[in-house]
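Here is a friendly walk through one protein chain in question-and-answer form. Have a look at the sequence and the model first, and then we can go through them together.

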Amino acid sequence: MAAEAPQQLSPVPGPGLSETALQGNLFGAPEEPKPAARLARPGALADPGELDDAALEADASSRPRRRRQAKAGAAGPDPGANDPGPPDGAPAELPDPASESKPPTAAPPDSDLPPWHHHSLVDPQQLPPMLRHYVELKAAHPERLLLYRLGDFFECFFEDAITLSQLLELTLTGKEAGKAHGRVPMAGIPHHAAERYCGDLVRRGLCVALCDQLEATAAKGALLKRDITRVLTPGTVIEEGMLSARRNNWLCGVVVEGSRWGLAVADVSTGEFRVTERQGSDLLHQELLQLDAAEVVWPGDGDRPGWCPEGLRLTPSALTPFAAPEARSSLLKRFKLASLAGLGLADLPLGQRAAGGLLRYLDDTQPGAAIPLDLPTTWHAGDQLVLDAQTRRNLELTRTQLGGGGQGSLLWALDRTVTAMGGRCLRRWIEAPLVDRAAIGARQDGVSELVNQRPLRQALRRLLRPMGDLERLAGRAGAGSASARDLVALADGLERLPQLASLLGQASSPPLAALARPWPELAELAALVRHHLVTTPPLALTEGGLIHDGVDSRLDGLRNQLDDQDAWLAEQEASERRASGIANLRLQYHRTFGYFLSVSRAKAAAVPEHWIRRQTLANEERFVTPELKGREGRILQLKARAAQREFELFAELRSQVGVQATPIRAAARLVADLDALASLAEVAATGGYCRPEITAGRELLIEAGRHPVVEQLLVERPFTPNGIALGGGPAPIGRSDQDGSPPDLLVLTGPNASGKSCYLRQTGLLQLMAQMGSWIPARSAQLGLADRIFTRVGAGDDLASGQSTFMVEMAETANILHHASSRSLVLLDEIGRGTATFDGLSIAWAVAEHLAVEIQARSVFATHYHELNELAELHANVANVQVLVEETGDDLLFLHRVVAGGASRSYGIEAARLAGVPAAVVLRARQVLGRIEANSHVAVGLQP
């Protein structure tokens, strides 16, 4: 190329060039190829339109560029820097959702609604072309809030404008819609802040359709091509700002036929995809509650079905995508398979339909973008410890009952993870404990190794702490929505994998040894990203500054030309300063006005005659020259071509990274497991925990156990440990039968506020922690696997369904008695207290006896009915325990210590006095109690 005959480029600018026209080629069709041209000497006035790829590559070869680091702070403009935020506007009452189902009518004269408050009220043929297109799109997506790109804003019209202005407190303006309609409602948001505003809308439960521009410049006499490029729904978002970093965002597909149902669950941000099929709508209700799904898609309409919990976003869908043939086709197409036999879906026809319908919904909401999902896996009943919604609420696994916050929950107590993906992993472990001894043992081995090797644990946590969310970063790359900073963060995380492998080279436990591998393909990918992208790339992808020098010869050639133009500008500034004699003259650039010469107001009268006044400010005057304006167009065209080339290189790099989404996520999940194990090890090592022995029997033997959450919340005094023995083996407390085995049922008595409820929850949490593979706060422990944990601790009215406290209590108790087995752990508090004394005592007696005799479940039954202590005399597998209290005169001291034997008093009147009940009331209560005890007797002790 260097030997080709030179050809001097014309220094005369071509006619009709403007900044708008030049930048219109940024993402439009490529320009027609032109004959090869030789580059002019440095600083010469070359026409960038005649610089073809060969000429640029020749320039790059003759003047190679040296790779350099991006300057700090040169990452480009912050998209939010110029965002003024939502304009001031008076918040209005939100529209009634029920009104959306009614046919819209024209607003009455005295209404606050604008005349054209709904898109169906206008005649599309009498609207301008742009608004006509908006109405057509809105008619196709009536249930979604439509954001329509117009220049630098996304605009809404008609009812969507009213909704947007009310929800975001924006000023409702108007737009001319022709003579027939006048002005119609309009509201909008800046396009560069769309993610922030859309995140707010999605969190409020809305679905948002984004109609974006598909071309930079329109054909003569035509509108810019626009179409819906993305539909944002609660279950399909992948943008970082719209997601909670430390919890999964589940999208569910459901198919129900009779009492049988299929469920598909996907997190589109991490790629996880699971399918199941079972019997019973109550189980489906419990699964959806456990998942806390962001959105549920189902083939139906009308009223909310009973299996869908209140508060979940339910999205009706067409029947066709959930039909068996279409669902099968969607699965085969998405995963490029010839058969579904290898996926384990053959025996799950409803699950297969749910999965196919979910994939079709993803395709509809993500047009043109194939979000990478893992191959679907199946799970079945019995694969994990079953925890119903009541048990999760009572044990406060991830949120507290009072206030619903995270602090004070089990997750809060155990979460020392340092990465977002590790936090999500630990949450899943808590929500779905294991029932396989081998899998539990493998996790325990990992925790034990990290507990015993403190330097290794600390080194791993230091290495993991700066690591980005590889799962979601890989997903955004695969979906084509990752930014340059996302790819840099991804490369940084991948570069840490060999360091993790080095630290874990001598690890013996399977979860740790799984990461002790080199990952050469991911190391190459990280090196590729590092080679292409600058260390701190800008947020904007279309304004340049992304790619290193030396990556692409065409880009280097364009940058050489820009350097030449910079040199010319510097020389021009010096030349004009000499010619004018103005020492403080500066040549500057403004995005709106272009290049200009700036002088102080005092020197404005001394400027040369060929200068043209451009703008007057308070302290300066701005001028241009014909030569400067002529050069400006060429410089802007060079910058546009360079920015276009950078975006092309970035898009190609992002595509290469997206192809590797599956192996990246596989590595990320191992890293998440490691982080979760290190978190459990950190808590165990600093909290004095022990490794529980998981046995094949039914025993639940804990010596000096402690509540994992309450222990951390106590600051002024230490937690009082207590043991428990149920189901087999030597018993530290409790009554043994003739074989020396501890009981199946403990009747727990003691005064109010003494710690009975804490003891119940402690027992459930320690069983759960052991089955998730964690160490537990105790001196020692032997635990057999539980299939389910049931709790009933406290109750409240369910006014929505017309149930009183007692009815809620009985419904929960009935559920336990119907589903508990001999391997279940049942924790009951104050059964029967919501009705008359004799009725309540009778119910409590019968429930406790049924658990001990018929079901033989491992149970703790806390009660104030001291008569239940007689059960221990009638049944060998029942024992009495009590919470000690020390009474000195009028004072009560709660010892919070559980010992063998039954309490004879509840100290209710004393507790009332301590709570501040007036002395006269306390005295009268004692008088009444004395008379009742003297004249009443409850006869129990009869064999059934």
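Contact means heavy atoms within 4.5 Å. This is a predicted model, in which local features need pLDDT of at least 70, side-chain atom pairs count only at pLDDT 80 or more, and totals for chains, interfaces and linings use all residues. Residues are numbered from 1 along each chain as its sequence is written, and side-chain values use heavy atoms, with hydrogens and water left out.

Q: Among contacts in the protein chain between residues at least 6 apart in sequence, what percentage join residues at least 24 apart?
A: The count takes in contacts between residues at least 6 apart in sequence. Of these, the share joining residues at least 24 apart is 67%.

Q: How many helices and strands does the secondary structure of the protein chain come to?
A: Helices (H or I, at least four residues) and strands (E, at least two) are DSSP runs, numbered from the N terminus. On that basis the chain has 28 helices and 27 strands.

Q: What percentage of the residues of the protein chain count as buried?
A: Buried means under 20% relative accessible area, exposed means over 50%, and partly exposed is in between (1.4 Å probe, protein chains only). With 944 residues in the chain, the buried share is 50%.

Q: At what angle do the axes of helix H2 and helix H19 cross?
A: Axes are lines fitted to C-alpha atoms, for helices over the stretch in contact, and angles run from 0 to 180 degrees between N-to-C directions. H2 spans residues 53–62 and H19 spans residues 553–580, and their axes come within 7 Å. The crossing angle is roughly 75°.

Q: Are H2 and H19 roughly parallel or roughly perpendicular to each other?
A: Angles under 35 degrees count as roughly parallel, over 145 as roughly antiparallel, 65 to 115 as roughly perpendicular and the rest as oblique. The crossing angle of H2 and H19 is roughly 75°. Therefore H2 and H19 are roughly perpendicular.

Q: How many charged residues does the contact of H2 with H19 have?
A: H2 residues including Asp53, Glu57 and Asp59 meet H19 residues including Arg554, Asp556 and Asn560. For the classes, Ala, Val, Leu, Ile, Met, Phe, Trp, Tyr, Cys and Pro count as nonpolar, Asp, Glu, Lys and Arg as charged, and the others, Gly among them, as polar. By class, the contact of H2 with H19 has three nonpolar and four polar residues, and the number of charged residues is five.

Q: Which residues in H4 meet Tyr134, Val135 and Lys138 in H3?
A: Helix H3 (residues 129–140) and helix H4 (residues 158–168) pack at an angle of about 80°, with their axes 10 Å apart. H3 and H4 are therefore roughly perpendicular to each other. The H4 residues that meet these three in H3 are Phe158, Glu159 and Asp160.

Q: Is Phe158 buried or exposed?
A: Phe158 has its place in helix H4. Its phi is near 60°, a positive value in a residue other than glycine. Because its relative accessibility is 0%, Phe158 counts as buried.

Q: How far does helix H12 reach from its first C-alpha to its last?
A: The expected span of a helix is 1.5 Å times one less than its number of residues. H12 (residues 437–452) has 16 residues, with 22 Å expected. Its reach is close to that, at 22 Å.

Q: Which strand is included in what covers the buried residues of H12?
A: Among the buried residues of H12 are Ile440, Val447 and Leu450. Their cover includes helices such as H11 (420–431), H13 (454–464) and H21 (661–687). The strand included is E18 (693–695).

Q: Which residue lies 107 residues from Leu312 along the chain, with the C-alpha atoms separated by 9.4 Å?
A: Leu312 sits in the loop between E10 and strand E11 (314–316). Leu312 is buried, with a relative accessible area of 8%. The residue at that separation is Gly205.
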